[in-house]
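Hi,

Here is the structure I said I would pass on. Have a look, and my notes follow below.

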Amino acid sequence: MEVYDMLIIGGGCAGLSAGMYAARLNLKTILFAELPGGLITTTHTVENWPGIISTSGPDLGSSLWAHAKASGVLMKSETIKTVEKQGDIFIVKSSRNEYHGKTVVFATGSIHRHLGAPGEEEFKNKGVSYCALCDGAFYKEKVVAIVGGGDSAAKEALFLAQHASKVYVIVRKDILRAEPANHKLVMNQPKIEVLFQEEVAEIFGTESVEGVRLKSGKQLNLQGVFVAIGQIPSTDLAVQIGASLNDKKEILINRHSETSVPGVYACGDCTDTEFKQAITGSAEGVTAAYYGFEYVKGAGGF
Ligand code: NDP
């Protein structure tokens, strides 16, 4: 039976950074990814990765992927369905294969939160989208709305303004909680109109989206609705192995990226750390690799 030192579930910034470090520490490492490069690959511009003034999300994701691979990580495009422990060994299974390891790192990220408004499911991919970078180009000279008041909404609005003729940003509070630099850009972009204290009551259309009705009674006629209202951490696998979560369903980790289960680590957007930034997830991945290395060494692994 082949036993890896480290099984990493997730191929975003956090998982790939963990993998790159683990391989450099001579850990026999395998990484499983559904979306190579992770969520960052759906971001248009990244301007807060230290040392790179500006790059695209897909470029950053593919460089991290290439770096982990070049370091010696075995990369698998497989979806892991179950995680369990037998004796000292963790077993992860995809629909095709099963893998064994001494440690597990959850870098499982998060999924887009849905609005739950009437019409959202019906018009998914027919005008309703969760990714401006993926779908923005379909809205050339069209009118679109972004729902959300965080940094993601601001960044998506700025990207969409490059294509669309008009971009509404629908914010339920009276404040846009974007990074100051993005906030300023949004407020100064003439194609963008921010509607504060407004919420979507319904997305309507026939074949595709034709507009939204807001709870205030206002109606916006438009062709695209982009939902950017935050993320839900993907932690179902961590629950299977008994890792503790907080009330937001994020995996609890300490400063060593250790979960409540010995030999199990977590990093990035699936954890309870405050700053859900690519670079902080990456740092948590590095920490997980180091303490995973200590764990394997302590268990007589070398
Ligand atoms: P946030 O959780 O920061 O913001 C979500 C926004 O959506 C809030 O304005 C929230 O409103 C609103 N919202 C939530 N639910 C609803 C709803 N049902 N109807 C209407 N509005 C709703 O999510 P983001 O995705 O913007 O950011 C998540 C994290 O990712 C943040 O920490 C951010 O800094 C980070 N980020 C990092 C980037 C990077 O590394 N470069 C890029 C983009 C984001 P309310 O305030 O009322 O709750």
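**Around the ligand**

Of the 17 residues around the ligand, the nearest are G149, S152, R172, R177 and Q277, where a residue counts as near if one of its heavy atoms lies within 4 Å. Before going further: this is a predicted model, in which local features need pLDDT of at least 70 and side-chain atom pairs pLDDT 80 or more, while totals for chains, interfaces and linings use all residues. Numbering runs from 1 along each chain as its sequence is written, and side-chain values use heavy atoms, without hydrogens and water.

The shell holds 4 nonpolar, 7 polar and 6 charged residues (Ala, Val, Leu, Ile, Met, Phe, Trp, Tyr, Cys and Pro are nonpolar; Asp, Glu, Lys and Arg charged; the others, Gly among them, polar). Helix 4 (residues 151-160) contributes the most, with 3 residues; helices here are DSSP runs of H or I, at least four residues, and strands are E runs of at least two, numbered from the N terminus. Domain 1 (3-111 + 231-298) and domain 2 (114-227) both give residues to the shell, so the ligand lies between them; the bounds come from an automatic or database domain assignment.

Which backbone atoms face the ligand's oxygen atoms? A polar backbone atom of G149 is 2.9 Å from a ligand oxygen, a backbone N or O atom of D151 lies 3.2 Å from one, and for G150 the distance is 3.4 Å. The protein covers 77% of the 920 Å² of accessible area that the ligand has on its own (Shrake-Rupley method, 1.4 Å probe).

Best wishes

Methods: Polar contact = N/O pair within 3.5 Å; in protein donor to acceptor, adjacent residues only side chain to side chain.
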